[in-house]
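Let's read a protein model together, one feature at a time. Keep the structure open beside you as we go.

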Amino acid sequence: MKISRREMLRLRLSAQRITGRDSLTIPGVLRQLFATQAQDFVQGGWALGLRATGSTIADLDAALGSGAIIRSAPFRGTLHFMLAGDLGWVLDVTSPRTIQGAAKRFSDLGLDGRALGRAAEVTRAALAGKALTRDDYFAVLRDAGIDPSAQRGYHVIWYLAQTAVVCWGPPLGTQQGLVLVDEWVREPRRLEGDEALRELALRYFTGHGPATVRDFAWWTKLTLAAARRGLELAARDLTELEYDGTPNWASTAELDRAAGGRMSAAVHALPGFDEYLLGYENRSAPLAEEHFEKIVPGLNGIFLPLIVAGGEVVGTWRRAERAAGVTVTPDPFSRLTAAQERSFQKAAAAFARFRTASR
């Protein structure tokens, strides 16, 4: 079945729970989307909060503090929020290629197998039964003769996250605590082989569909052959759609859920790095090429927060957080209509409530 651009965007907004009336918890958002980018903690938190309508930063803290969700780097070596129980089996699939791709960087930093093995040993002893902030953890490395400067400390944490030794867990003051995966992830799921590939594909296309197999391969950093195998294994639960001459897949259950719906008139204040844009290799459906550099100024890899109307990215916004409260300033590509401006202000107010609710 062929679909239009408008229908593509409507279905993605629904699958990603940006639109719809579901009452999701923050862990529920991650059951639906699988994982959401979280290298920027504030923006990553809002990606969950806007989809869990009425939630606050306290709800995010509670989900992290309970161990229901964690932050680690399971996809593309980039920090994501995800359900704690999914971490181990996902890393089993994704981390070997990710680690291989970082070999030269580790060599340049002088972090060979012996140094990383020593770091793992020290880390298990230091974190046993406790959580540490990054600065306190770096002090542990220094005491063990491992210099964390010049990004070595960051890369040690990254490597130990890839090998399922550590993850970021509970709130610790204004930071997040580094914890041992074996202690913190209390109910890990056990998937491997074809079962794991099928689950990867089904979860991705459920939370991101309609999407292509290349989108899936990019998001997971699987080989294209492995991505196609995962798609084949999940095919009985997916429906093929044609958009712009290219096959896309979406969850059949999600398509049934969205059937008969119309494009929402709401204007959304999405965070930077949101899955709605970052979740795909090809981002041309929601974002016109001439506006891309307005989202990523100087093409520096930093994606600004998005204003989305009718499924299209129509501008950016910025925040200022002070003792007096949160201020949100829109920067649309062209003037918003009066109705769009009112709708955006509602979205901005929701962000402010999320950020300022009592912890």
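Q: How many cavities of 30 Å³ or more does the structure hold?

A: Rolling a probe the size of a water molecule over the atoms shows where empty space is left. This structure holds two cavities of 30 Å³ or more. Please keep in mind that the model is predicted.

Q: What volume does the largest cavity have, and which residues line it?

A: The largest cavity holds about 50 Å³ of space. Among the residues that line the largest cavity are Leu-11, Phe-205, Gly-209, Pro-210, Ala-250 and Glu-254. Helix 1 (5-15), helix 11, strand 7 and helix 14 (252-258) are the elements that give two or more residues to this lining. By class, the lining has seven nonpolar, four polar and one charged residues.

Q: Where is Pro-210, and what is the peptide bond from Gly-209 to Pro-210 like, cis or trans?

A: Pro-210 is found in the loop between helix 11 (193-208) and helix 12 (213-220). The peptide bond that leads from Gly-209 to Pro-210 is cis, and its omega is near 0°.

Q: What about the second largest cavity: which residues line it?

A: Its volume is about 40 Å³. The lining of the second largest cavity includes Gln-37, Gln-39, Gln-43, Gly-272 and Phe-273. Helix 3 gives the most to this lining, with three residues. Sorted by class, the lining residues are three nonpolar, five polar and two charged.

Q: Where does Phe-273 lie, and is Phe-273 buried or exposed?

A: Phe-273 lies in the loop between strand 8 and helix 15 (275-278). With a relative accessible area of 9%, Phe-273 is buried. Look at the backbone too: phi of Phe-273 is near 65°, a positive value in a residue other than glycine.

Q: What is phi like at Asp-244, and is Asp-244 buried or exposed?

A: Asp-244 has a positive phi of about 55°, although it is not a glycine. Find Asp-244 in the loop between strand 6 (238-243) and strand 7 (246-251). Asp-244 is exposed, with a relative accessible area of 67%.

Q: Now for the pockets. How much space lies in the largest pocket, and which residues lie nearest its centre?

A: About 630 Å³ of space lies in the largest pocket. Its lining has 27 residues, and those nearest the centre are Gln-39, Arg-71, Leu-79, Trp-168 and Gln-176. Among the elements that give two or more residues to this lining are helix 3 (41-49), strand 2 (69-75) and strand 4 (166-172). The lining residues divide into 13 nonpolar, eight polar and six charged.

Q: Which element gives the largest share of the lining of the second largest pocket?

A: Helix 17 gives the largest share, six residues. The second largest pocket has a volume of about 540 Å³. It is lined by 28 residues, and Ile-18, Leu-50, Thr-53, His-268 and Ala-350 lie nearest its centre.

Q: Which residues in the largest nonpolar core touch the most other members?

A: This core has 56 residues, and Leu-48, Leu-60, Ile-69, Phe-81, Ile-295, Trp-317 and Phe-344 touch the most other members. Helix 17 gives the most to this core, with six residues. Take Leu-60 as your example: leaving out residues up to four places away in sequence, Leu-60 touches Ile-26, Phe-41, Gly-45, Leu-48, Ile-69, Phe-81 and Phe-354. Apart from this core lies another, of 38 residues, among them Ala-84, Ala-196, Leu-197 and Ala-226.

Terms used
Residues are numbered from 1 along each chain as its sequence is written. This is a predicted model: local features need pLDDT of at least 70, side-chain atom pairs count only at pLDDT 80 or more; totals for chains, interfaces and linings use all residues. Side-chain values use heavy atoms; hydrogens and water are left out. On a 1 Å grid over the protein atoms alone, a cavity is a set of points where a 1.4 Å probe fits but cannot get out, and a pocket is an open set with protein on both sides within 12 Å along at least five of seven lines; lining residues have an atom within 4 Å of a point. Grid points are joined across faces, edges and corners, and a volume is the space filled by probe spheres set on the points. Helices (H or I, at least four residues) and strands (E, at least two) are DSSP runs, numbered from the N terminus. Ala, Val, Leu, Ile, Met, Phe, Trp, Tyr, Cys and Pro count as nonpolar, Asp, Glu, Lys and Arg as charged, and the others, Gly among them, as polar. Buried means under 20% relative accessible area, exposed over 50%, partly exposed in between (1.4 Å probe, protein chains only). A nonpolar core is a set of buried Ala, Val, Leu, Ile, Met, Phe, Trp, Tyr and Cys residues joined through side-chain atoms within 4.5 Å. Contact means heavy atoms within 4.5 Å.
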